[in-house]
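Trainee: Could you take me through one part of this model, step by step? I would like a close look at a single helix.

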Amino acid sequence: MSLSDSFSVLRPLIDEATAASLTRLLKRTGTSGRSEEFVGSVLAAASGGKRFRALMAHVGYSLSATCPLTDVSLPHVSAALELYQASALVHDDIIDKADERRGSPTPHRRLADHHRRVGWIGTPSDFGTHAAILVGDFLFSAATAAAAEQALLLNSASARSFTERFALMHAEVALGQYLDIVAEQTPLDPERHDAVSAADALVVARHKSAHYSVVHPAALGAICAANPPGDRRTLLAALERILTPWGVAFQLRDDDLGVFGDPTVTGKPVGDDLREGKRTVLLALTWAASSPSERAALTDVLGTDTASADQISSAAAIIERNGRAAHEAQIDRLVADGHSALENSGLDAAAREILRELCALLTSRRA
């Protein structure tokens, strides 16, 4: 069975585990009629998505236990990773002032609309932001509860490794998010070719995506496998070397889709990353290769939420012309780095084949 077919089998099981874990916590907290809109926002935020991080945990477990992927059952890990992802996205959408995700209103907009409908006093936007922060916090609590359930199933050494890795994942995302918003606040001078740093963008990509979306979930799954053959530390180190460059390539592919992707497939409006002023590797490469007048046109769009469709289209054309080929070459180099690490990893043929297929899914995707 191919990796894609295995993911298709596992996906509904991950959905079920995530919903069940969240429902248990909602029942224990004693929700009422007054919290109905809050509960609805929590449930909506945790539904949908590709469930990619939970799937990565299944891959890690399968490699550690040397068993077929579809034989892996990780309900608590799946719920922990997907509920944390939901939490992070709620907070991310607040920071980015995003009104829509996966074709539906984001929690802060949904809750602001509720405030407006019922005619409460105060400002709908303030209520929406404040309430959505709490939605994200609740989802993070649900994630940590699920992670704790998993830790209870492990021996003491594995439980310690698991909880340390989960905490590190969360901390790295917070740091990466901070570095991301710092970059967005940095003034852009069209006369300076180095005003956007590719090196800084790569640091953010490693923290916010490579480690969080790929490396840490796979490692968490590997840690959960009981009695792995050989030294698990060797496997974890190999996965780190192989998956880190592929995880960065995963984020770079996401950045490309943020400009050139089909919104009906990606679930995000076209041009949002530009309007939010994201300082991506794609933008850095484009900026360095552009003329001052082209950089000025980019500056008119970056961080400007009122940028028109025509301005977005013009900016995308500059990126296509000056940066996209170099960006694809960067992705190719990262893919090659991961393959080199894979070939020198000592992993058996079956494991290498799984990881090669995983690389293609990570870096050639269109959603």
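Mentor: Start with a term: a residue counts as buried when its relative accessible area is under 20%. Keep in mind that this is a predicted model.

Now take helix α1, residues 3–29. It has 27 residues. From its first C-alpha to its last, α1 reaches 38 Å, close to the 39 Å expected at 1.5 Å a residue. Even so, α1 has a kink of about 30 degrees at L10. The kink lies shortly before the proline P12.

Next, look at which side chains are covered. In α1, the buried residues are L3, S6, F7, L10, I14, A17, T18, S21, L22, L25 and L26. An α-helix has 3.6 residues a turn, so residues three or four places apart point the same way.

What do the buried residues of α1 pack against? Their partners are five helices, written here with their residue ranges: α2 (36–46), α3 (52–65), α4 (75–96), α6 (124–151) and α16 (349–363).

Finish at the end of the helix. Just after α1 comes G30, which takes a positive phi of about 75 degrees.

For contrast, turn to the surface. Y178 is found in helix α7, residues 156–185. Together with L175 and V182, Y178 forms a nonpolar patch there on the surface. The accessible area of these three residues together is about 270 Å².

Conventions. Residues are numbered from 1 along each chain as its sequence is written. This is a predicted model: local features need pLDDT of at least 70, side-chain atom pairs count only at pLDDT 80 or more; totals for chains, interfaces and linings use all residues. Side-chain values use heavy atoms; hydrogens and water are left out. Patches are made of residues with over 30% relative accessible area and no salt bridge: like charges are joined within 9 Å, nonpolar side chains (Val, Leu, Ile, Met, Phe, Trp, Tyr) within 5 Å. Accessible areas come from the Shrake-Rupley method with a 1.4 Å probe; for residues, only the protein chains shown count as cover. A salt bridge is a side-chain nitrogen of Lys or Arg within 4 Å of a carboxyl oxygen of Asp or Glu. Helices (H or I, at least four residues) and strands (E, at least two) are DSSP runs, numbered from the N terminus. The expected span of a helix is 1.5 Å times one less than its number of residues. The bend at a residue is the angle between axes fitted to the seven residues ending there and the seven starting there. Buried means under 20% relative accessible area, exposed over 50%, partly exposed in between (1.4 Å probe, protein chains only). Contact means heavy atoms within 4.5 Å.
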